[in-house]
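This note is intended for a colleague who is meeting the structure for the first time. The points below may be read alongside the sequence and the model.

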Amino acid sequence: MADLPPGADISDEPVAEGDPVDVSILMVGYKTRDELARCLESVQRTTTDVSYEIVLVDNNSEDGTVEMIRRDFPAVKLVALDENLGFGRGVNLAATKAAGRYYLLLNPDTIVHEGAIGALMRFAQDHPTAGLVGGRTLRPDGTHDPGSAWGRPTVWSTISFGLGLSRIFKGTAWFDPEAIPDWDRSTPREVGVVTGCLVFVSREVWDELGGFDTDFFMYSEDTDLSMRAWEAGYHPMITPDAVITHVVGASSAIPTNRRVLVLKGKSTLFRKHFRTPLDRVLVVLLACGVGVRALMALAVRAISRGRKGNEEMSWVGAWQRRGEWLGGW
């Protein structure tokens, strides 16, 4: 799964393996120069209890990211590409350049809080059967963000989505189970999915799982990795002692574009993990859920006389562009 496509161009000089370190922080950049700079600064400022290196794959950002890294963060192992490999392939490539005993997958649109990386390593060492470890994420305003972990998608959770029940009864354990609404991420626990913005994993487990599946260009590759970890006998976990702030979707800032990418990833996930014809039924339910939310968004917008924002209306855009995501990647 970690194989790269033919013709991938690594435009920098080969990156040396270097001396072993505790943690290799694997990052993929795409048009997030300013966010990336803040993230790297936060890593340097808050990580003093473990040895680490940073390996960055830049997916042809063309926004000055490469120049900024070379100028301001010369210690970063930089792999500058002349094409966009996507997130999963980018992380897989970064892993091939890493010297750490552990890998930390970290989004560039995050701010690492004091001691977070050391807390992840200690928790992973104390819980080797977890396989994958995540932390607690906050929104930029400091409020709780549930996006650090999700429940595994099931037939029932997809039915709830397709009928609009997870929207009508949002935050209920029965109708919105993937959100894990009965848990505020303030205590350690096993989870179905550790989301890709913050994933801590040993080199051995990463190699055993084969890294990210390169069928996923972007989104749902983390769900797939977590599902494969469960299938391999691991029990992914979250520790609240590792905290980051996350700006969701900085590399795909237009809400409709991001929504389409998310749905495309989910369609791919269904086709991989559920047998035919169930996979097709789940994709149909996915489309139904998008259609229901598009109708709701239009109704609310009409009632509010256009005061609702683009985030809700992105469901309408996603429905209109359903031909782009129904088939997956």
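Is V281 buried, partly exposed or exposed? The first point takes up this question.

1. The model discussed here is a predicted one. In it, V281 counts as partly exposed, because its relative accessibility of 43% falls between the cut-offs of 20% for buried and 50% for exposed. The residue belongs to helix α10, which covers residues 278-303. Together with V155 and L278, V281 makes up a nonpolar patch on the surface, and the accessible area of the three together is about 200 Å².

2. P240 is part of strand β12, residues 237-246. With a relative accessible area of 15%, P240 is buried, since buried means under 20%. Apart from neighbours within four places in sequence, P240 is in contact with R136, R185, S186, T187 and P188. The pair P240 and P188 deserves a separate remark: 52 residues separate them in sequence, yet their C-alpha atoms are 6.2 Å apart in space.

3. Salt bridges form the next topic. Side chains of opposite charge can pair when their charged atoms come close. The count of salt bridges in the model is 11. One of them joins R122 to D49, with 3.1 Å between the closest N and O atoms. This pair links distant parts of the chain, as R122 is in helix α4 (residues 116-126) and D49 is in the loop between α1 (33-46) and β2 (52-58), 73 residues apart. Both partners may be classed by accessibility: R122 is partly exposed at 42%, and D49 is partly exposed at 39%.

4. A salt bridge is also formed by K266 and E178, whose closest N and O atoms are 3.1 Å apart. K266 lies in helix α9 (residues 255-273) and E178 in the loop between α6 (165-168) and β9 (189-190), so this bridge ties together parts separated by 88 residues in sequence. K266 counts as partly exposed at 22% relative accessibility, whereas E178, at 16%, counts as buried.

5. E324 and R321 meet through their side chains in a salt bridge of 3.0 Å, N to O. The relative accessible area is 39% for E324, which is therefore partly exposed, and 26% for R321, which is likewise partly exposed.

6. On the α8 side, T223, D224, M227, R228 and E231 meet L269, K272 and H273 of α9.

Terms used: Residues are numbered from 1 along each chain as its sequence is written. This is a predicted model: local features need pLDDT of at least 70, side-chain atom pairs count only at pLDDT 80 or more; totals for chains, interfaces and linings use all residues. Side-chain values use heavy atoms; hydrogens and water are left out. Patches are made of residues with over 30% relative accessible area and no salt bridge: like charges are joined within 9 Å, nonpolar side chains (Val, Leu, Ile, Met, Phe, Trp, Tyr) within 5 Å. Accessible areas come from the Shrake-Rupley method with a 1.4 Å probe; for residues, only the protein chains shown count as cover. A salt bridge is a side-chain nitrogen of Lys or Arg within 4 Å of a carboxyl oxygen of Asp or Glu. Helices (H or I, at least four residues) and strands (E, at least two) are DSSP runs, numbered from the N terminus. Buried means under 20% relative accessible area, exposed over 50%, partly exposed in between (1.4 Å probe, protein chains only). Contact means heavy atoms within 4.5 Å.
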